[in-house]
Amino acid sequence: MSTRKRYWLMKSEPEEFSIDDLERVGTEPWTGVRNYQARNFMRDGMRVGDEIFFYHSNTDVPGIYGIASVASAAYPDPTQFKKTSKYFDEKATQETPRWFMVDVAYVRTLANPIPLAEIREHAADLGEEFALIRKGARLSVLPVSTAQWKLLLSLEKK
């Protein structure tokens with residue numbers, strides 16, 4: 001298994017949980033992911049120390065607003081077992097959990113956010129495999145290549 005650092009993009013609606021909220025709490029469990037591919041990225045791909053673009057979705061100016069890091073190995077999302085949770089899954093059991101999550105830690109807020117519109121201007125350089133700008137892609141957890149990470153980070157105007 002590779003031990004090289006990996007890069008990710010994780011989406012959150014800022015009214016639910018923003019980069020400012022992550023800064024305030026320091027580390028947060030990333031609960032509530034209910035897409036199998038996104039779950040697999042967290043469960044099978046993420047490693048402690050991997051870096052994350054913190055993306056605000058469903059807002060006036062969607063885009064990358066900060067950087068976080070993976071702070072824990074994947075573990076079962078406890079919200080799948082709580083009947084009162086909006087993320088409850090009646091098919092999940094303690095013995096065979098269906099949903100996994102990681103903890104994320106605040107690294108920094110970008111000096112200037114990188115809006116989705118600006119990201120789209122670099123679609124050719126980011127490549128077709130960059131799921132954020134691919135039509136129909138709605139995943140909340142996305143892999144980012146090293147080259148894509150460097151390109152996107154270069155768009156931050158300090």
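Which side chain is joined to that of E51 by a polar contact of 3.2 Å? The partner is the side chain of K5, where a polar contact is a pair of N or O atoms within 3.5 Å, of which, within protein, one must be able to donate a hydrogen and the other to accept it, and residues adjacent in sequence count only if both atoms are side-chain atoms. The model is a predicted one, in which local features need pLDDT of at least 70 and side-chain atom pairs count only at pLDDT 80 or more, while totals for chains, interfaces and linings use all residues. Residues are numbered from 1 along each chain as its sequence is written, and side-chain values use heavy atoms, with hydrogens and water left out.

**Overall build**

- The protein chain has 5 helices and 8 strands, which are DSSP runs numbered from the N terminus (helices are H or I with at least four residues, strands are E with at least two).
- Along the sequence, these elements follow the pattern β-α-β-α-β-β-β-β-β-α-α-β-α.
- Of the 158 residues, 46% count as buried, a term that means under 20% relative accessible area, whereas exposed means over 50% and partly exposed lies in between (1.4 Å probe, protein chains only).
- Among contacts with a separation of 6 or more, 73% come from residues 24 or more positions apart; contact here means heavy atoms within 4.5 Å.

**Around E51**

- E51 belongs to strand β3, which covers residues 51-56.
- Leaving aside neighbours within four places in sequence, E51 is in contact with residues including K5, W8, I67 and W149.

**Aromatic rings**

- The structure contains 6 aromatic pairs, counted for rings of Phe, Tyr and Trp (its six-membered ring) whose centres lie within 6.5 Å, with planes under 30 degrees apart called stacked, over 60 edge-to-face and the rest tilted.
- The rings of W8 and F41 form a tilted pair, because their centres are 5.7 Å apart and their planes are at 50 degrees.
- Since W8 lies in strand β1 (residues 7-12) and F41 in helix α2 (residues 36-45), this pair ties together parts that are 33 residues apart in sequence.
- W8 is buried, with a relative accessible area of 3%, and F41 is also buried, with a value of 18%.
- Y7, F53 and W149 are linked into a cluster by ring pairs.

**Charges over rings**

- R39 lies over the face of W99, at 5.8 Å from the ring centre, a charge being counted over a ring if NZ of Lys or CZ of Arg is within 6 Å of the ring centre and within 35 degrees of the ring normal.
- R43 lies over the face of F100, at 6.0 Å from the ring centre.
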